[in-house]
Amino acid sequence: MWFVTSNGLIRYDGYNFRFFGYDAKDSNSMSGGWFDGIFMDNKNVIWLKSTVFGQLYSFLPATEKFKLYGYKPDSVTSTDQGIASDSVGTLWMATTTGLNSFDPKTKKTHLYTHITGDKATIKSNNISQLEIDDMGQLWLLMKNNNSYEIDYFDPYKRKVIEHITGKTLVLPANQNLKPLNYNINIGRNGNLWIGSEQNGLYGYNIRTKKAIHFVRDAANPYSLSKKGVYYVIEDHTGNLWIITDDNKLNFYDSSTGKFYQVPSFINPNEYIITQIFEDKTGNIWIATGQDGIYTFNPTQKKIHIISHDVKNPNSLSSNIAICILKTQTGQSFLSTDKGITIFNQKTGSTVPFEIDENKKENDQPRHVTYLYRDRKGVIWMCTVSGLLSYDPVGKKHRWYRHRNNDPSSLISSSKCNGIIEDTKGRYWITASEGGFESFEPVSGKFHAFKIHAGLSTKEYPVGNLVQGSNGNIYIGSWGGGFVSFNPDSKTFKIYRHNAKDSTSLRNDIVFDCYETKNGIVWVCTNGGGLNAFDPVTEKFKSFTMQDGLCNNGVTSITADNKGNLWLGTMNGISCFTPPDHPFSPECKIKFRNYDVSDGLPSNQMFLCTAYKGPDGTMYFGTYNKGVFYFNPDELNDNTFIPPVFITALNISNHPVKYDDSSKILSAQIEDTRGIKLDYNQNAVSFTFAALNYFHPEKNKYAYKLEPFDKEWIFTEGTKHFADYTNLNPGKYTFRVKASNNDGIWNQEGTSLKLTIAPPYWQTWWFKMLCMLLTGLISYAIWHNRMQKSLAIKGIRNKIASDLHDDLGATLTSISIMSVLVHKEIKDQSPLASTLLEKIGSSSRNMIDSMNDMIWAINPKNDSFENIIKRMKAFASEILTAKDIVLHFDFDRNLIQSKLNMDKRENFYLIFKEAVNNCAKYSHATNAFVAIWNQQNNLKMIIKDDGNGFESNTVVLGNGLTNMRYRAESMKATFNIRSIPGEGTTIELGFKNE
């Protein structure tokens, strides 16, 4: 909502007002002064024309910037009203010397004036008002001598289409009327409404050419309240809202043709109404000259109030309403602390009730606490001084009072609280101080029952008694719990609150109860909310403010014609549809709450005063504001679905504005769909508003920040903001939806995308750079290792080659020469021959060992394929010579793997030693070799079926010792198992890394 004042422009979002006015630093800002009006064109630009010469402003809400135009209308003086914009953007302004047009793009003006004899020109140059209709046509109100005339002007053809004079408007019965008009107002479908100073209201339709005239008729209560009509608007339903010149608000119902005067809320003597307006929600806004702005909701709940008027002796006797009863004749008995008042709903009249019989003061009921009508139509009145029966047909009455030493009188106390006639025609009475009695109306005798087991004398029953479908009578008490009485067995059962039992009564103060068709008894407690009671299981379940109830102090209950339950509470009234299975864990109750904002005179309902009349009218009594009643079908809800906007953004508790130094917003927050923030701007708060202006404090909101919030967060209209701190970098979407004051939700709502950039060390490019650097470093390390590995391989090749070429050749020469010399001298010197034979054997052993060393050093033998080949070749040669069959099995996947030099040498030599031992000592028939790999765990088993040996008695030679030593250096496991007569098994296992 936008308002213009003499000081500037004001925006209202339902909660806050924002002022846009003069800024000394901005030459285009809006200065003070009187303005001809405010107009928003089809591009959402607001135009304002000041009475100060030459000041024409445009204001763009999206940027919150004013623009000042050098408007110079050729010394034309502006009138009180008159600025509008057509669909092509041309501005039209009313002046005292003609109709002025202004093109904001070219800054050109043109004045349209009256030309004598040209009907296409305006009738008069003195234009006091200008309006534009939904067809884009202009209506001009002009003063011509002492009367007013209206021109219908086409801004596109730049000519008058029709002249509307007083004769056009005056009906045949009022030919001589000469209206002096206040203003014109555009209605719907071509309607034009003209208010006059002395002659009421005129209506004219430009399409049908029909006119209508409304005047003040003192004899007709449904006519205008005053003959002077100051302002009128036609709302979206076609009804009229009229301000008369005594500042009274009139409503015209177009369907019935009747006028109704809206109860006054404006001081008619001090304040001048300057404008009346209908918003998109249907609210009526009334601007005054001195007292600000009023708003009025036409769909206000139709709640009627009956209250005490000190100036009217026939009004309600007191505003403290205690009980209510409506008779079959349509009259209602309204009891207060000062007596009973008879109310006639048809006429709206109230008169004090008095017993006409005998006219004795002592017979008159005072302070009636409970009213009850039995099946015969007799009205029973429970009072502080006894029980009174009254026959409204025969006008007869009878008192029943407590009499000392009379056991058949009202026994417990003269203070009678309640009475009920059960289904068998028996009467039951409650009295103060815990009394409960049966009553025989014919004999007038009472019989008392003691219900004090679990009750004290202070915990007396309250008034309302209810008989359930099971025949039991239910009684509330002031602190004594919920009481059930079986009238057949004359037994009582008391239900009280047990803090350790969640299925017990939630509070021991019980005011009222009501049984629904499914047999569930709904119990009203003071502080424990509404309790559902199952007489079969004898369990209770409470529904409280956490479930949507307006207050946990529930004072009264009744049902309407549709079966909905209505509750009086300490903070308004609640309505709900009772569920079939309230004890189900999934049961949810939707309460519809009403309070003073909905038209109730008070939020505090008196005990046991909820009452439904025979015609379906609902009555409630209050503690201090009398009685109110309503038809449930007339409590129309506000059906307007409110637009939702994000209205403010704060970062780290600092407000963010459009076009400020942060440059976060490129447009107003309301028009922004996404923002980007730095990683240290991660404390964000949002303010939002639903544009429902009628009781915005009762709007409700639900918001969530996806994916931060998993569920919607619901909040009341008084808390329309959300805070988030320490958000991680990432992409988020803030969503908010809202309901109006009557719970109608805008489920779509609005949203804002939020991107929080990560710090540079968490960005993709930084991670890619780190990965690249890591790759380069890894490559450098790998390359260095490869170079070292190649260098080592070169060294190993050279060592192997040198050993083979030099040492190998020398040892071979020694072996050959020793053999030759041995042949020459074996017969001449046996000792030398023996030594030469030893030299030859040693050199040949040295050659074998050197070959093994050269084989181990050579890099090409690192592959398992070469290892396996050498092992098989060696084992076959040695074992075949001993007639031992070799069974060699290995994992084929090993061929692709490698074994480093140190492990390969030890692995092979352990294998070689084991095979040699098998060939030398086992006398075996078969030898088995198995090599396999499991998850880089290499295992070798060498087994024979030979003689075996006793491991405890055998002396370990160098061969076994060397095998163990080599296994330890490999960090391998090494086991020998030998059983005499069964053979020997050697196991070797190690990690091949």
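View 1. Arg-496 is partly exposed at 30% relative accessibility, while Asp-508 is buried at 19% (buried means under 20% relative accessible area, exposed over 50%, partly exposed in between, with a 1.4 Å probe and protein chains only). Their side chains meet in a salt bridge of 3.6 Å, N to O (a side-chain nitrogen of Lys or Arg within 4 Å of a carboxyl oxygen of Asp or Glu). Both residues lie in the loop between strands E43 (491-495) and E44 (510-515), so the pair ties together parts 12 residues apart in sequence. Strands (E, at least two residues) are DSSP runs, numbered from the N terminus.

This is a predicted model: local features need pLDDT of at least 70, side-chain atom pairs count only at pLDDT 80 or more, and totals for chains, interfaces and linings use all residues. Residues are numbered from 1 along each chain as its sequence is written, and side-chain values use heavy atoms, leaving out hydrogens and water.

View 2. Glu-716 belongs to strand E60 (residues 713-716) and Lys-700 to strand E59 (residues 700-706). Arg-735 meets Glu-706 at 2.9 Å, N to O. Because Arg-735 lies in strand E62 (residues 730-739) and Glu-706 in E59, this pair joins parts 29 residues apart.

**View 3. Cysteines without a disulfide.** The sulfur of Cys-416 is 3.4 Å from that of Cys-382, its closest cysteine sulfur, too far for a bond. A disulfide is a pair of cysteine sulfur atoms within 2.5 Å, and the count is zero.

Conventions: Helices (H or I, at least four residues) and strands (E, at least two) are DSSP runs, numbered from the N terminus.
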